[in-house]
Amino acid sequence: MKNSPMNKLLPLSAALLIGTALAHTQVTKVVPAQGSNVAAPSAVALTLNEPVNLRFSTFKVYALPAGTDAATFTKTKINLKDDAEARVDTYSSSSNMAAKLSIPLQSHLKAGQYVVMWRILSDDGHPVSGQSIFSIK
């Protein structure tokens, strides 16, 4: 019994379960894609690797000023309140659970770079932030 196949699989199974439990929520797909150059979209779509409570998550889209670092810009904007006038999205949060999200955009966006930013509360309680840049022709 000491070297049975079950005894060998048990530590491996435990390691896989712990790894899954410690994994953070991730954005797995953004449309328009990172670095893409597109005609003005009506919305940005995000896909996550697991459903999140949208009430505890933040999603925003801004025009990215020329020469600005997207990561630094995101850090200064993601926690702002009452910034709807400065943003190019019309997203309103909800208390739904979702793994797919559509962020409506204002119409008639001008040519230039735009940054999609997010802060998501993972199931394990850790916040996960990120951003993606796309350009409008």
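What follows is a chat about the strands of a predicted model.

Colleague: Is strand β7 enclosed or open, and why?
Modeller: Strand β7, residues 127-136, is largely enclosed by the rest of the structure, because seven of its 10 residues are buried.

Colleague: What about the hairpin of β6 and β7, how many residues lie between the strands?
Modeller: There are five residues between the strands, and in this hairpin G125 takes a positive phi near 95 degrees.

Colleague: And β2, is it parallel or antiparallel to β7?
Modeller: Strand β2, residues 37-38, runs parallel to β7 and is joined to it by two bridges, with S135 of β7 as the bridge partner of N37.

Colleague: Where does S36 lie, then?
Modeller: S36 lies in the loop between β1 and β2, where it is buried with a relative accessible area of 19%, the cut-off for buried being under 20%. Leaving aside residues up to four places away in sequence, S36 touches I133, F134 and S135.

Colleague: Changing topic, what is the strand order in the open sheet of three strands?
Modeller: The order is β1-β3-β5, with antiparallel pairing; β1 and β5 are the edge strands, each pairing on one side only, and the twist averages 15 degrees from one strand to the next.

Colleague: How many bridges join β3 to β5?
Modeller: Seven bridges join β3, residues 43-53, to β5 in an antiparallel arrangement, and K100 in β5 is the bridge partner of T47.

Terms used:
Residues numbered from 1 in each chain as written. Predicted model: local features only at pLDDT ≥ 70, side-chain atom pairs only at ≥ 80, totals over all residues. Heavy atoms only, no water. Buried < 20%, exposed > 50% of the residue type's maximum accessible area, 1.4 Å probe, protein only. Helix = DSSP H or I, 4+ residues; strand = E, 2+ residues; numbered from the N terminus. Pairing = 2+ DSSP bridges. Contact = heavy atoms within 4.5 Å. Axes fitted to C-alpha atoms, helices over the stretch in contact; angles between N-to-C directions.
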